[in-house]
Amino acid sequence: MSGGTKVYKWLLGNFYNVNSLIYGMCFVCVCMQAIQGNDITVKSYKVESRITLRFAHTTVKSSVLNSGPSAQSIGFNVQIPKRAFINNFTMNVNGITFVGSVKEKTVARNLYAQARARGKAAGIVRYTMETFRTEVHVPPGSKVEFELHYQEMMQRKLGVYQHTLHLQPGRLVPLLQVDVYIFEPKGIKFVTASNTLGEHLSELTKITHTKEKAHIVFKPTLQQQRKCENCTESSVDGEFTVMYDVERESNAGELQVSDGHFVQFFAPSDLSPLSKNIVFVIDVSGSMWGLKMKQTVEAMKAILDDLSMDDYFSIIDFNHNVRCWNEDLVQASSIQANEAKKYIQSIKPNGGTNINEALLRAVQMLVRASNQGLTDPRSVSMIILVSDGDPTVGEIKLNTIQKNVKRVMREEFSLYSLGIGFDVDFDFLERIAMDNRGIAQRINANHDAADQLKTFYSQVSSPLLRTISINFPENAVNNVTQNRFDKFFHGSELIVAGKLQPSDFTTLQSITTASANMDLNIQTEADIHGLDSVLSTHQHSFTGFARQMWAYITVNQLLAERSLASTANKKRRITQRIMALAVEHQFVTPFTAMLVEGHDQGRAERLIADSPRDSRHGCCSGTKSKQFILKYNISITVKQLLYSKPPWIQPTNAPTQEASGKLESTAITIVENDPHFIIHLPKSNMDICFNIDSKPGHILNLISDPGTGVTINGQLVGSKKMKNNKIDTYFGTISIYSKTHGVQAVVGTNRIDLMEGRNNHSFSWGATAELVLNRVTIVKEAHVTVTVDGKISVMVLLHRVWKKHPIQVDFLGIYMSNANKYSTLVHGLIGQFAKEPEVKLYGVHEGADPKKKEATMEVKGNKLAVTRGWQKDYRRDKKRGSDVYCWFIHNSGKGFIDGSYTSYILPQLDSFLTSI
């Protein structure tokens with residue numbers, strides 16, 4: 001028998017393997033714990049994470065040598081993040097390679113049993129609580145190489161993606177290196193790295209950062225790893241953390257397509273938070289005595305201080321009895337918050353745990369407040385439960401409690417569960433939260449429990465939107481993941497993924513709708529083939545990310561769905577789908593196992609990486625029922641100029657013709673360039689042109705209509721320098737203000753803002769959107785159309801110029817329909833012509849320029865010398881425009897407009913015109 005074969009037999013005869021996942025932490029975490037045994041040399045220890053569009057593929061490798069005189073065990077320990085799926089493991093012992101493959105658990109166990117029946121010793125890999133742990137016993141001189149792969153989708157929390165590696169090699173390593181590669185085609189907003197490894201190692205991290213890529217390297221030398229100059233112990237023992245965020249359109253509709261799959265991301269910013277109605281339900285049973293209660297009180301004091309005057313709240317504390325600080329929700333004034341803090345501080349934990357009655361009382365409180373009209377219909381209502389144990393008083397059957405709460409909860413309410421410590425039945429808390437549109441989180445019962453509680457509250461303290469729906473053409477996609485969401489919170493991200501159906505389409509469209517202080521409608525379009533060609537040129541990107549990401553989301557959603565399934569038959573059907581997907585995409589789940597196979601003289605030998613189990617709840621523990629939101633970034637292409645809703649989506653608020661931006665069918669008034677006014681007079685079938693030569697910064701009134709409460713104003717910007725001893729001016733900002741509805745839309749060259757009191761929504765020109773607020777509608781594509789009450793409509797067109805142009809600047813064009821319905825009080829540079837003046841034109845003759853005729857015009861009692869010329873309409877062709885022929889009036893429209901143009905200069909963008 002060859003030496004290699006002897007080593008292999010020794011390996012099988014003495015193999016013991018333990019594999020585990022950690023589910024308590026929310027960040028990505030990898031560690032290589034101490035290599036066991038004496039006289040063991042760790043030749044290398046490498047961790048590489050490739051993060052492609054927020055999907056992380058992490059590889060942990062270690063090469064170890066038994067340099068001692070006798071046989072001993074070598075251990076390879078890797079801490080796995082709670083949301084990751086192991087998808088590969090290989091081990092090479094003196095040239096013999098074991099390779100892992102994921103199979104259905106029963107199939108893997110049968111193959112494992114066959115190996116044992118042939119007299120082969122085999123090890124079974126089990127999941128305990130926190131670590132993937134492999135231990136192999138080898139003779140002296142043996143070289144062992146370990147390699148573990150796992151995949152995970154990163155979560156965005158409080159505006160940051162965090163990737164944390166726990167480094168603990170256990171001894172000095174000649175080659176210790178960590179590489180994190182990030183590729184985000186939309187752009188990386190920022191990237192930072194930190195560690196807890198000690199001050200002398202804090203400056204060793206190197207970050208290379210371009211717009212789309214980042215490379216973070218941590219590579220301490222052998223000497224730098226020492227605890228002291230002559231020490232033989234390693235100081236590398238702690239966390240290495242990378243944090244970053246991506247560039248995104250502020251309206252946040254992003255779509256990406258790759259490898260026959262798509263991912264849609266939704267992460268709006270610049271939205272005003274909705275008001276909240278919160279009932280805090282706090283366990284004050286005897287088990288909460290001491291540090292748990294102290295930390296809960298500390299956290300609650302900070303949370304109460306964070307409530308705004310628009311919020312309503314109350315507190316329920318429970319042991320064997322249930323008490324209410326106040327029977328009804330109260331406004332979160334500073335006086336009420338201080339009273340609540342005094343109440344919390346006075347609580348003395350004792351007695352049992354009556355969760356059922358406490359939650360039912362909380363729901364009743366929210367229902368009563370809603371029925372009495374105390375809460376804003378647009379507000380968000382939630383219950384936050386804090387508990388450290390199982391129910392012991394009243395109804396104690398967990399399934400019954402879950403059904404009781406589900407029965408009385410309204411669709412607009414949510415329940416969030418926080419489980420303190422490891423005595424609590426976290427599976428139950430997670431199921432009851434998921435069943436009621438919430439999430440659960442475990443809080444470690446230590447001295448930073450208060451910070452953990454406050455951090456969780458921060459994640460749900462700023463709801464921005466409700467009732468979010470992300471839709472795609474039915475004939476273009478299938479196997480779409482969850483696409484309807486109850487709420488969106490500040491700093492988070494919603495994700496939908498799916499498969500493309502075979503077609504000849506070159507682009508994919510989606511529409512995202514949501515409601516809150518305003519109705520939001522975002523249309524997004526992506527090139528089906530563009531990303532794949534980009535990924536193929538990047539060495540460290542993960543080209544299969546979209547396929548694996550879709551499977552990752554789908555499997556996690558199925559696991560969550562299974563935990564809530566009401567019958568055994570439903571559970572079986574869901575389990576079959578999970579197993580099929582997990583095997584296809586090589587994920588180790590609660591229902592699949594990894595079979596590790598090697599070959600000796602042509603015979604297969606097998607080891608098993610088993611599924612995660614919970615000691616209290618078996619294989620189907622809620623700790624593995626993953627509840628998460630996927631993140632991702634994309635580029636957006638807008639091809640249409642005019643807005644029209646696709647036939648595959650039902651509009652929530654069908655816009656009028658004006659709201660849709662369809663101004664072609666009616667005569668219009670135009671303001672373009674520096675600025676050229678083109679006034680259409682339908683009775684005379686004539687277009688009149690004039691310029692306004694004012695100064696940069698001046699605000700000119702276009703429409704002032706006290707009767708409808710609408711004023712439309714434009715602020716001028718100047719060219720970068722003089723041309724022909726003159727600074728050209730253009731409209732750089734347009735404001736449409738409805739005093740009646742208290743809504744203002746401000747359109748600039750960089751962004752568009754829609755404001756209602758303290759509520760506002762800001763977004764850029766990069767994508768299509770529709771917003772409806774108090775009968776004011778904004779439709780945005782390659783232009784913006786703002787409509788008030790379906791009666792007054794204005795279209796704003798953006799003109800971009802080369803950034804390095806020596807003279808010109810970006811500016812706006814304005815288009816208004818003559819069908820706008822103003823009151824009889826309307827005035828302004830444009831508004832005054834709603835009542836068309838009588839115009840007579842005569843004496844047409846050749847001018848100094850043979851291309852431009854001249855004539856005399858009588859209007860408003862004035863005789864004006866006018867010149868025939870033309871201006872541009874850029875609605876159909878933004879680059880070249882189409883010619884509009886008109887009679888040009890000189891001297892800033894003097895004699896054609898009422899008074900002087902200086903009478904139309906206003907102090908503010910929302911000002912109305914005074915008498916001329």
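Colleague: Which residues form one aromatic cluster here?
Modeller: One aromatic cluster is formed by Phe55, Phe85, Phe542, Tyr552 and Phe587. Please keep in mind that this is a predicted model, in which local features need pLDDT of at least 70 and side-chain atom pairs count only at pLDDT 80 or more, while totals for chains, interfaces and linings use all residues. Residues are numbered from 1 along each chain as its sequence is written, and side-chain values use heavy atoms, with hydrogens and water left out.

Colleague: And how many aromatic pairs are there in the whole structure?
Modeller: The search finds 19 of them, where rings of Phe, Tyr and Trp (its six-membered ring) pair if their centres lie within 6.5 Å, and planes under 30 degrees apart count as stacked, over 60 as edge-to-face and the rest as tilted. Among them are Phe76 and Phe89, whose ring centres are 6.4 Å apart with the planes at 25°, so this pair is stacked.

Colleague: Where do Phe76 and Phe89 lie?
Modeller: Phe76 belongs to strand E4 (residues 72–79) and Phe89 to strand E5 (residues 85–93), so the pair ties together parts that are 13 residues apart in sequence. Strands (E, at least two residues) and helices (H or I, at least four) are DSSP runs, numbered from the N terminus.

Colleague: Are Phe76 and Phe89 buried or exposed?
Modeller: Both Phe76 and Phe89 are buried, meaning under 20% relative accessible area, with exposed being over 50% and partly exposed in between (1.4 Å probe, protein chains only).

Colleague: What about Phe677 and Phe690?
Modeller: Phe677 and Phe690 also make a stacked pair, at 4.9 Å centre to centre and 5° between the planes. Phe677 sits in strand E35 (residues 676–681) and Phe690 in strand E36 (residues 686–691), so parts 13 residues apart in sequence are tied together. Phe677 is buried, at a relative accessible area of 0%, and Phe690 is buried with 0% as well.

Colleague: Switching to sheets, in what order do the four strands of the open sheet come?
Modeller: The order is E17-E18-E29-E27, with antiparallel pairing; strands pair if DSSP finds at least two bridges between them. At the edges are E17 (253–258) and E27 (477–478), each of which pairs on one side only.

Colleague: Over how many bridges do E17 and E18 pair?
Modeller: E17 and E18 (residues 261–266) pair over six bridges in the antiparallel sense, and Phe266 in E18 is the bridge partner of Gly253.
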